[in-house]
Amino acid sequence: MNIVQTEAIILTARDWGDADRIITLLSPELGKTKAVAYGARQIRSRLSGAIQPFSHVGIHLAAGKNIDSVRQCQIIDSFPAIKQDLALMAYSSFIAELSVELLPESEPQPQAFCLVLNTLQTLTKRNPRITIQAFAWQLLSLTGYQPEYINCVTCGQQIIFPAHFDSSAGGAICNECGKLSDVCYDQDTCSLLARFLTLDMAAPDKFLVSGAALTQLEKILHSFLLVVLEKPLKSLSFIQTVTKND
Ligand SMILES: [Zn+2]
């Protein structure tokens, strides 16, 4: 039997049948792929503790006709600090949901794997709202969806601020080409986007963020994601619900 051993992050785990779970995992070599963990919901199963969303694991997969199956799974890091905090669970769901939506099936993803792992590690140490925004812009960039943010997406001229941002057009728009309905886009927002795109998520620098620029860029991100994915992300409502009283 063909068994593959790899490091992975479990993005999602859902119950299947009476005792099994189906997981979506992200591995550097296998990319985003699905596997079934037979018996993972039985209390005595060796897999039950390890097959949890957001866990970083070492995993052995046996090739199946329709779907691979999990033979062994050892936890490298279960991120207990995330699992004890509802808000961090919501932010992690966003990381997982966006990865599932943007990454193609079964293509090697060494960079996306490192990005997701580094983001989960950073989430407990730094401001999670800022962390997931940097993650989202970097994942969009990695998957070929980086918006045009320095030059006008319509005429190609360098943007003079304040200008506009039109998600459906794919980025920044100068005052000549912009419409009144477009979102306002200023120098601070542009600089913050540039910083997010280049931030080293393994060891992010400390920097001051203007609340106004962060909120503005968040609005742009949400409208841009809606255009790219053509549907709203469930995790964004989850984040809104659990952070409403913060
Ligand atoms: Zn223009």
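This is a predicted model: local features need pLDDT of at least 70, side-chain atom pairs count only at pLDDT 80 or more; totals for chains, interfaces and linings use all residues.
The domain assignment divides the protein into domain 1, residues 3–78, and domain 2, residues 81–243. Taken over C-alpha atoms, the centres of domain 1 and domain 2 are separated by 29 Å. Where the two domains meet, domain 1 contributes 15 residues to the contact and domain 2 contributes 17 residues. On the side of domain 1 that touches domain 2, at least two residues are supplied by each of the strands β1 (3–16), β2 (20–27) and β3 (31–37). That side of domain 1, sorted by class, holds seven nonpolar, six polar and two charged residues.

The core draws at least three residues from domain 1 (3–78) and at least three from domain 2 (81–243). As general background, nonpolar side chains in soluble globular proteins tend to be buried together.

Apart from its neighbours within four places in sequence, Leu25 is in contact with Ala8, Ile9, Ile10, Leu11, Thr33, Ala35 and Ile59. Ala35, a partner of Leu25, has its place in strand β3, and Ala35 counts as buried because 23 C-beta neighbours lie inside 10 Å. When residues up to four places away in sequence are not counted, Ala35 touches Ile23, Leu25, Leu61, Ile67, Asp68, Ser69 and Val70.

Ala13 is found in strand β1 and counts as buried, because it has 20 C-beta neighbours inside 10 Å. Leaving aside residues within four places in sequence, the contacts of Ala13 are Arg21, Ile23, Ile51, Gln52 and Pro53. Between Ala13 and Leu30, which are 17 residues apart along the chain, the C-alpha atoms are separated by 17 Å. Ile75 is found in strand β5, residues 68–77, and is partly exposed, because 15 other C-beta atoms lie within 10 Å of its own. The C-alpha atoms of Ile75 and Ala50 are separated by 5.7 Å, although the two residues are 25 apart along the chain. Ala50 is also among the contacts of Ile75, together with Ser55 and Val57, once neighbours within four places in sequence are left aside.

On the α3 side the meeting residues are Gln111, Ala112, Leu115, Thr119, Thr122 and Leu123, and on the α4 side they are Pro128, Thr131, Phe135, Gln138, Leu139 and Leu142. By class, this contact of α3 with α4 has seven nonpolar, five polar and no charged residues.

Helix α2, residues 86–102, also approaches α4, for their axes come within 10 Å and cross at roughly 5°, which makes α2 roughly parallel to α4. The contact is made by Ala87, Leu88, Tyr91, Phe94, Ile95, Leu98, Ser99 and Leu102 of α2 with Pro128, Ile132, Phe135, Ala136 and Leu139 of α4. The residues of the contact of α2 with α4 comprise 12 nonpolar, one polar and no charged.

Finally, the axes of α4 and helix α5, residues 187–198, come within 8 Å and cross at roughly 75°, which makes α4 roughly perpendicular to α5. Here Gln133, Ala134, Trp137, Gln138 and Ser141 in α4 meet Leu193, Phe196 and Leu197 in α5. Sorted by class, the residues of the contact of α4 with α5 are five nonpolar, three polar and no charged.

Conventions:
Residues are numbered from 1 along each chain as its sequence is written. Domain bounds come from an automatic or database domain assignment. Two residues are in contact if their C-beta atoms, placed from the backbone, lie within 7 Å. Helices (H or I, at least four residues) and strands (E, at least two) are DSSP runs, numbered from the N terminus. Ala, Val, Leu, Ile, Met, Phe, Trp, Tyr, Cys and Pro count as nonpolar, Asp, Glu, Lys and Arg as charged, and the others, Gly among them, as polar. A residue is buried if 20 or more other C-beta atoms lie within 10 Å of its own, exposed if 12 or fewer, and partly exposed in between; C-beta atoms are placed from the backbone. Axes are lines fitted to C-alpha atoms, for helices over the stretch in contact, and angles run from 0 to 180 degrees between N-to-C directions. Angles under 35 degrees count as roughly parallel, over 145 as roughly antiparallel, 65 to 115 as roughly perpendicular and the rest as oblique.
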